[in-house]
Amino acid sequence: MSDELQYAGTLDELKRRGRLVVRGSHRPILLIHDRDRIFALDNRCPHMGFPLEQGSVEDGILTCHWHHARFDLASGCTFDLWADEVPTCPVVVRGGEIWVKPQFGPAEPAAYWRLRLQDGMAHNLGLVIAKAVQGQLAAGIAPLEIVAQAALFGAEHLDGWTSGMTILTALANLIAMLPKPDAYLALFHGARHVARDCDGATTPRKRSALASRPDASTLKRWLRHWSAVRHAEAAMRTLLTAIAADARSPAIADLLFAAETDRVFADGGHSLDFINKAFECLDLIGWQHAGVLLPCIVGPLVAARGAEESTEWRQPADLIALCNQAASELSAQLGLGGARGPWSRHAELAEALLSADAQGVVAAVISAARDGASGDDLGRSLSYAAALRVARFGGANEHGDWESAHHVFTYCNAVHQGLKRIGNDPERAGEWVALLRGILHGAAAIYLIRYLNVPPARLPGECGDRLDDLPAGADEIRAALLEAFDRQHQVEAAARLVARHLAMGHAPELIISTLAHALLREDAGFHAYQMLEAGARQFHEWADVRARRHILIAVTRYLAAHSPTERSWLQTATIAERLARGDQLYENV
Ligand code: FES
């Protein structure tokens with residue numbers, strides 16, 4: 001941008017030709033003479049960059065001839081919101097000469113692009129959202145500040161937590177490890193998914209806390225009751241009262257997870273994961289927003305259907321009765337207080353959780369607790385066992401079965417993260433944590449999907465598969481991995497490359513960020529984002545290289561099974577990026 005005036009031509013020439021294009025310092029500038037006025041605009045259509053000089057002007061309205069977006073010539077504002085506004089710049093005439101000031105950017109870019117993000121989300125306009133994210137990053141706004149804007153927009157416009165809010169949070173959790181271009185894509189995808197959910201959604205009504213401050217155990221009892229009888233308004237007021245009384249993360253987590261796990265593996269695990277993601281979102285944007293954000297999860301919590309209502313959990317073995325009985329035993333082991341551990345048989349317990357004997361699975365959990373395993377330990381083993389179900393997903397399954405494996409894994413990860421959160425609360429040391437029932441529910445869910453590993457897929461890098469046929473260098477492996485994601489049916493090839501990368505001792509962060517890049521260029525579904533984020537989190541829970549490899553193989557196989565897609569959103573993000581950079585997207589067309 002420049003404060004200097006730039007010569008653009010003579011008034012006579014412009015009048016004669018009607019329009020002129022001059023090369024500005026950052027972008028081509030279109031000068032238009034219309035009804036004795038002169039206008040200067042960015043010559044690249046804000047929609048996709050088509051040269052506006054080829055458009056038509058009528059009655060003060062400029063029409064682009066590509067997708068026929070229309071713009072007010074005087075201000076650059078669009079009549080077709082999907083196309084965005086055309087940037088304009090000042091123009092002066094001196095002694096028959098036209099001079100432009102090639103300064104297109106807003107005076108206060110941070111504030112301007114913040115408003116544009118709100119506009120883009122309000123109208124669910126992907127291109128505007130992409131430009132606003134791009135503009136804010138260029139203005140030096142921290143990525144998590146953009147996450148906060150998108151999350152609070154969602155909380156203001158949604159009457160319940162949604163998949164978009166989960167995607168936003170999952171990607172925000174990964175942002176610190178992403179290179180800048182991928183951080184941009186992560187923010188764009190997160191914000192656009194929230195905007196999509198808000199489009200046409202019912203705006204939430206204002207609710208307030210009770211005027212009294214009942215103690216924590218009363219509030220917990222009330223919330224569980226309101227959830228059980230599906231009274232959303234009552235549950236909402238109870239939750240707001242709990243937040244007003246004690247907005248600490250562990251206290252609120254204990255309250256909500258207790259109500260959540262009163263139902264077993266509710267909504268295929270999604271409603272518990274939603275609660276966990278709402279907490280993680282607050283960790284990122286600040287717990288001062290708890291009163292705004294957390295009410296979103298009441299709807300899914302109250303409406304969720306528990307597995308106790310489904311036949312598969314009752315027949316042929318009554319898994320609900322088994323879990324209930326085991327919960328009493330687990331309570332006796334873990335509700336007694338005092339220090340736990342040390343306990344280090346995580347991998348052994350995970351293998352035991354993969355047994356085809358439901359009683360044995362539950363007994364293994366109880367036995368580990370008796371031996372000193374904490375809730376965190378149990379959660380880690382549980383998540384690893386669920387990851388192994390995904391890693392060993394057999395080729396004979398239907399494609400839709402991937403989602404069954406995915407649901408169990410993300411549920412187990414959410415239980416694990418919830419237990420870590422509550423376990424850190426010194427005020428609850430020794431108390432029975434109702435969320436521990438999630439360990440049993442997760443274990444039963446892992447048992448139920450055992451058919452997905454019949455026969456089990458071979459794990460790359462094991463049983464004589466030395467991977468020697470694959471490239472050795474980190475860059476070559478990563479390039480080959482991205483190439484594999486360009487084609488369908490590359491589940492095994494992609495998993496072998498990831499195993500190779502780890503076997504060669506290359507930095508695991510490199511391969512995780514490559515998986516993230518592969519995901520971010522796709523029009524990925526909700527589950528793919530969940531899978532990557534839960535996998536990355538569980539990967540970092542382990543020092544053991546074997547477990548780490550298995551977890552990343554699980555993530556890779558799932559992502560490869562869902563790639564490639566059309567990549568249409570990558571196209572939108574790229575256009576926004578190129579327009580911001582000043583590129584000429586189309587010349588001489
Ligand atoms: S309307 Fe101008 S490029 Fe699409």
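Hi everyone, let me start with a definition: two residues are in contact if their C-beta atoms, placed from the backbone, lie within 7 Å. What we have here is a predicted model, where local features need pLDDT of at least 70, side-chain atom pairs count only at pLDDT 80 or more, and totals for chains, interfaces and linings use all residues. Residues are numbered from 1 along each chain as its sequence is written.

With that contact rule, which residues does Gln149 touch, not counting residues up to four places away in sequence? They are Arg114 and Leu117. The C-alpha atoms of Gln149 and Leu117 are separated by 8.3 Å, and the two residues are 32 apart along the chain. Gln149 sits in helix α4, residues 143-157; helices (H or I, at least four residues) and strands (E, at least two) are DSSP runs, numbered from the N terminus. Gln149 is buried, with 22 other C-beta atoms within 10 Å. The cut-offs: buried takes 20 or more other C-beta atoms within 10 Å of a residue's own, exposed 12 or fewer, and partly exposed is in between.

Now to helix α9, residues 249-260. Its 12 residues reach 16 Å from first C-alpha to last, close to the 16 Å expected at 1.5 Å a residue, where the expected span is 1.5 Å times one less than the number of residues. Of those 12 residues, 11 are buried, so α9 is largely enclosed by the rest of the structure. Among the buried ones are Asp254, Phe257 and Glu260. The cover over them includes α7 (216-228), α8 (232-245) and α17 (401-423).

Next, a helix pair. Helices α22 (residues 526-539) and α23 (residues 545-561) pack at an angle of about 170°, axes 9 Å apart. Axes are lines fitted to C-alpha atoms, for helices over the stretch in contact, and angles run from 0 to 180 degrees between N-to-C directions. That makes the two roughly antiparallel, a label for angles over 145 degrees. On the α22 side, Met531 and Phe539 are among the residues meeting α23, whose own set includes Ile551 and Tyr558.

Last, the sheet. It is open, with 3 strands in the order β1-β9-β8 and antiparallel pairing; strands pair if DSSP finds at least two bridges between them. β1 (6-10) and β8 (91-94) stand at the edges with a single partner strand each, so one side of each has no neighbour in the sheet. Between β8 and β9 (residues 97-100) there are 4 bridges, and Arg94 stands opposite Glu97 in β9. Thanks, all!

Key
Parallel < 35°, antiparallel > 145°, perpendicular 65-115°, else oblique.
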